[in-house]
Amino acid sequence: MKHYNTPHQDPTPMTTLTIDPQRLKTVRKARKLGRPKLAKLINLTERQLTKLETAKTATLPEPAVLRLATALQIPTQALTGELPLIEDDLKPVQHTCTSGCCG
């Protein structure tokens, strides 16, 4: 019996979400998170984050949008525009570090 090398096809393509870059920038600034810190939290370079914030639209893999939303402590739908930004979304981020590393 012959076996042929065929590339493995993932049956489920990665889901992407389109976010509103202006919302991202607005919430980041309101949360008083600098680009360097947010970029580190979501595993992007500062340059990638800058490009993201200055784009007209941004389509990202769902896990990346989830990391952004988690870091900013807002629902993913607030980044995509499915939910309106509320007053709590525009307050400084609440620190949740319990290890003492953040002071």
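## Surface and burial

The chain exposes about 7,600 Å². Carbon and sulfur atoms supply 54% of that area. This is a predicted model. The chain has 103 residues, and 30% of them are buried.

## Fold outline

Five helices and two strands make up the list of elements in the chain. Along the sequence, their pattern reads β-α-α-α-β-α-α.

Contacts also reach across the sequence. Take those between residues at least 6 apart: 66% of them join residues at least 24 apart.

## Glu62

Glu62 sits in helix α4, which covers residues 62–72. Is Glu62 buried, exposed or partly exposed? Glu62 counts as partly exposed, because its relative accessibility is 33%, between the 20% limit for buried and the 50% limit for exposed.

Leu17 is 45 residues away from Glu62 along the chain, yet their C-alpha atoms are separated by 5.7 Å. Leaving out residues up to four places away in sequence, Glu62 touches Thr15, Thr16 and Leu17.

## Asp89

Asp89 belongs to the segment after α5, the helix spanning 76–80. Which side chain of opposite charge is nearest to Asp89? That side chain is Arg31, 4.5 Å away. Asp89 is buried but has no salt bridge. A salt bridge needs a side-chain nitrogen of Lys or Arg within 4 Å of a carboxyl oxygen of Asp or Glu.

Arg31 is also among the contacts of Asp89. Beyond neighbours within four places in sequence, Asp89 meets Val27, Arg31, Ile74, Pro75, Ala78 and Pro84.

Definitions and conventions
Residues are numbered from 1 along each chain as its sequence is written. This is a predicted model: local features need pLDDT of at least 70, side-chain atom pairs count only at pLDDT 80 or more; totals for chains, interfaces and linings use all residues. Side-chain values use heavy atoms; hydrogens and water are left out. Helices (H or I, at least four residues) and strands (E, at least two) are DSSP runs, numbered from the N terminus. Buried means under 20% relative accessible area, exposed over 50%, partly exposed in between (1.4 Å probe, protein chains only). Contact means heavy atoms within 4.5 Å. Accessible areas come from the Shrake-Rupley method with a 1.4 Å probe; for residues, only the protein chains shown count as cover. Lys and Arg count as positive and Asp and Glu as negative; His and the chain ends are not counted.
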